[in-house]
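Welcome! Open your viewer, get ready to select residues as we go, and follow along one stop at a time.

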Amino acid sequence: DPLALGNLARLVEETYRDSEASEALYRKAIEADPTNPGLISNYGCMLLSLRSDKAAASGAFHKALTVYPGHVSSANNLACVQAQQGDVQAAKDTIRHALACSPGEPDLMANLE
């Protein structure tokens, strides 16, 4: 069950801070359900929180947005990484694109300012 694997991956991530075990679980979950943007986005969050790997995390957020362009947390997370890397215009473009798919979404609107 991909959702159970994703939940277990997040538990391992948050409780044990074990990036290798968490990554293995996320990869199995995503392999089982490659169209679930939440799993892909959570994987990206793990890459940021446990490895500080902005490039890999950005790749995961992009992949999640390819699967579902209006995925709010993926857009917000990608925009945050882009802004941290100094690309404010890309961050705004990411938020605007997500807003086109999810008009009026409050979390997106808040990060556009």
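Begin by selecting His-71, which is buried, with a relative accessible area of 15%; buried means under 20% relative accessible area, using a 1.4 Å probe and protein chains only. This is a predicted model, where local features need pLDDT of at least 70 and side-chain atom pairs count only at pLDDT 80 or more, while totals for chains, interfaces and linings use all residues. Residues are numbered from 1 along each chain as its sequence is written, and side-chain values use heavy atoms, leaving out hydrogens and water.

You will find His-71 in the loop between helix 4 and helix 5. Helices here are DSSP runs (H or I, at least four residues), numbered from the N terminus. Now show Ser-74: its side chain makes a polar contact with the side chain of His-71 at 2.7 Å. A polar contact is a pair of N or O atoms within 3.5 Å, where one must be able to donate a hydrogen and the other to accept it.

What else does His-71 touch, leaving aside its neighbours within four places in sequence? Select Pro-37, Gly-38, Ser-41 and Leu-65, which are in contact with His-71, meaning heavy atoms within 4.5 Å.

Next, highlight helix 3, residues 37-51. Its buried residues include Pro-37, Ile-40, Tyr-43 and Leu-47. At its start, a side-chain oxygen of Asn-36 reaches to within 2.9 Å of the backbone nitrogen of Gly-38. Just after helix 3, look for Ser-52, with a positive phi of about 55°.

Technical notes:
Helices (H or I, at least four residues) and strands (E, at least two) are DSSP runs, numbered from the N terminus. The expected span of a helix is 1.5 Å times one less than its number of residues. Buried means under 20% relative accessible area, exposed over 50%, partly exposed in between (1.4 Å probe, protein chains only).
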